[in-house]
Protein chains: 2
Amino acid sequence: MVDALRIGLAGLGTVGGAVWRLLNEKAPMLTEQCGRPLQIVGVSARSKSPHSDLLTSTVTWYDNPSELARSKDIDVFVELIGGEDGVAKDCVEVALREGRHVVTANKALLARHGVSLAKLAERKGGSLNFEAAVAGGIPIISVLRESLIANDISRVYGILNGTCNYILTRMGEENASFSDCLSEAQRLGYAEADPSFDVEGHDTAHKLAILTSLAFGSAVSIDDIYIEGISNISAADIKAAAELGYKIKLLGVALQTETGIEQRVHPTMVPADSTIAQVVGVSNAVAVQSDLLGELFLSGPGAGGCATASAVVSDLSNLAKVRLNGAVYQPVFRFPASELKPYKKGRMRAHAGGYFIRLSAYDKAGVFASVAKRMAENNISLESIVQRPMAEAAEGAKTIILVTHQTTESAVRRALVAITEDGNLSDKPQMIRIERPA
Amino acid sequence: MVDALRIGLAGLGTVGGAVWRLLNEKAPMLTEQCGRPLQIVGVSARSKSPHSDLLTSTVTWYDNPSELARSKDIDVFVELIGGEDGVAKDCVEVALREGRHVVTANKALLARHGVSLAKLAERKGGSLNFEAAVAGGIPIISVLRESLIANDISRVYGILNGTCNYILTRMGEENASFSDCLSEAQRLGYAEADPSFDVEGHDTAHKLAILTSLAFGSAVSIDDIYIEGISNISAADIKAAAELGYKIKLLGVALQTETGIEQRVHPTMVPADSTIAQVVGVSNAVAVQSDLLGELFLSGPGAGGCATASAVVSDLSNLAKVRLNGAVYQPVFRFPASELKPYKKGRMRAHAGGYFIRLSAYDKAGVFASVAKRMAENNISLESIVQRPMAEAAEGAKTIILVTHQTTESAVRRALVAITEDGNLSDKPQMIRIERPA
């Protein structure tokens, strides 16, 4: 038997605790598959007392995770502390500087500092693996870094936040408001007390930034993402979408265009008969469009201790399988960090696609003709038009729903400004972009 | 720059030709990602003349693929000859015996001789990789061997044959017969002139046998699979399924049960709102149910030169990434071949699940009561009952459609024998098993 892979585990929260349990409870099957044991030799967490039962004679406690990261007794440092700066970043840098391998589930750290950490890892010869950082149990990182190695990727998109998908699913099932479904999600532990990081799209943006870099060989760029959350979506939108053959999902989308790479997070209409439309509840999904495969689609659990720990342990196992003092050459972001292209932002105004538009208009003669004129002036042609009194429209108002053929963001925005200025709307217009599978 | 990975390529058909083109046309991006070139140094194919333009000074032609497999000039032998015995098997054995790595897309070879080849590879220290052998461009082999390493798997199922999925999709879209849609598939090149290997389920069975071994750590067992093809499915079945909220797919299913492992290939009703139900045309899909992830689902292209070559090149790239005279320990079938458990067959009669039953009954009084009595006698309770005159029933006949709650194969078979013996049926009863996502 080859010597054990010696693991230093920093962070014993939900994910860290699950990793600990997996490595212990499943030790025989993991050892059989890896041909050597995966052994935790050191741990560090905020406070020692709740974990004192874990500390057998083979496991050393470290008050300071940086000491653990620096220890010569470990082969790999597992960072499950979290946070984009501070302790997590310090430890990971220490470990990489010492040539240690690092496994992390920290999407914020990678979205902010991924390129500099990748350069450090690649210079020092350690691996930086992060299967758990995006879409939990869905192995999208290894799919992009390994399975799709020969593919030129043109688009990657997905449902990357389970909280939002749960809320949108429940809004559709119950014809309920965003705030009611958010409360339910909070009660069930699917949403945080302060839900804004999830529901305003920032969590999705972090994950998208990582996927974009992997897909397009560009530097990670978290600050150049167009972000809209889901708090503005109403049950009326979901109902109208369903009637027109769509479902509404919060997607992160990265797309290679002529002007650059579009990175956007927003509520999106997807065809009701697409695979991604069936992804309900807290599940996640990722689709990759490429020259050789057309579209590859994956769905599964996006969060939770077990699913995330499953991904962390797969990263550890892949390290354990390397033998004979060998090494595996694996650029962190698919291409060598020194070769990543600067991120060139695609102009959001140039975004091309279909749009769903819901207008609350005063119920008077000529309103629809006026709306139609503004669309025509902007060369927007329409796939569907629905006009009728609807329960959710205000007294004396009617709802007009338009689905456009392919047009541009700037045309739609110009048209909506003109329609608003015409004074026919009783409320702010709603606009939701449409995304179609390959 | 590290030395090139030296590749011997045997077989220059659709897939072999696509691998050749990919390795040449995408050499810069592959070299960048692997940190070393992937270089074809030897080729072999049935006849040299059609490929003479490929043979530059850096590529040696071998009339005999076994000579190529034995050559000390190659690091990895790529077998794209096909066939479960004969030349393909000989070459792969030669290469493995010499300690060479082998990459193959040959599902038949692995389904028949996988365990003995795995033992040989593991004894001699070469890798045997076969991402392309199952579900084409869907990376299900690496998902099972690597990503799900910590998971106890309870079920794996999927759409593993694009020909059948195309035919079933078209039957539903056009309300057309099996034979008309088969002819169309043949015209479009999606079905062979002799389609029986595909439409009778044998191709699916080969792939399923490989997935079963990977999922359950059991020896590959291709002869113990229950197989029904799709030639018996009518447009009436598809229409009735749709009305009841189901779609019909040819699935391969492997399931751990109390009596053993069920391996079955048959037309299957899946809920219309499941992700797998949306997989249409020649696409494939695989779902894996496990303790940590619940269900992981993948869909994508199952065949074709580009998709298959994409998988072959990913196997080659993973070999190219190994450095410093290292090696990667990777049991061929996830667990070491010497430790694979003997396959213990689950009894088909003990299969538990829901069933769709379509009966063509004479249109006379008491028929339905008699059918209902036979179901009750066998403790089969019903989820849906539809009885009405239908166009496709014979003159003087009516169609009765039943969907059962969970019951057993033996109960359904006993009930159908009794119903048939009652003499009320004008035609053989149709029975289709129902499979639900986790």
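In this predicted model, strand E7 (residues 153-159) of chain B runs antiparallel to strand E9 of that chain and is joined to E9(B) by four bridges; strands are DSSP runs of E with at least two residues, numbered from the N terminus, and two strands pair if DSSP finds at least two bridges between them. Within this pairing, B:Arg155 has B:Leu255 of E9(B) as its bridge partner.

Strand E9(B), which spans residues 246-256, is mostly covered, with 10 of its 11 residues buried, where buried means that 20 or more other C-beta atoms, placed from the backbone, lie within 10 Å of the residue's own. E9(B) is also joined by 11 bridges to strand E10 (residues 261-271) of chain B, again in an antiparallel manner, and B:Tyr246 stands opposite B:Pro271 in E10(B). These two strands, E9(B) and E10(B), form a hairpin with four residues between them, and B:Gly260 in the turn has a positive phi of about 150°.

Turning to the copies, chain B can be laid on chain A by a turn of 180° and a shift of 0.0 Å along the axis, with an RMSD of 0.0 Å, the superposition being by least squares on the C-alpha atoms of residues with pLDDT of at least 70 in both. The two copies are thus related as by a two-fold rotation axis, and the C-alpha in chain B nearest that axis belongs to B:Gly326, 1.7 Å from it.

Residues are numbered from 1 along each chain as its sequence is written, while chains are lettered from A and ligands numbered from 1 in the order in which they are written. Local features need pLDDT of at least 70, side-chain atom pairs count only at pLDDT 80 or more, and totals for chains, interfaces and linings use all residues.

Definitions and conventions:
Buried ≥ 20, exposed ≤ 12 C-beta atoms within 10 Å, placed from the backbone.
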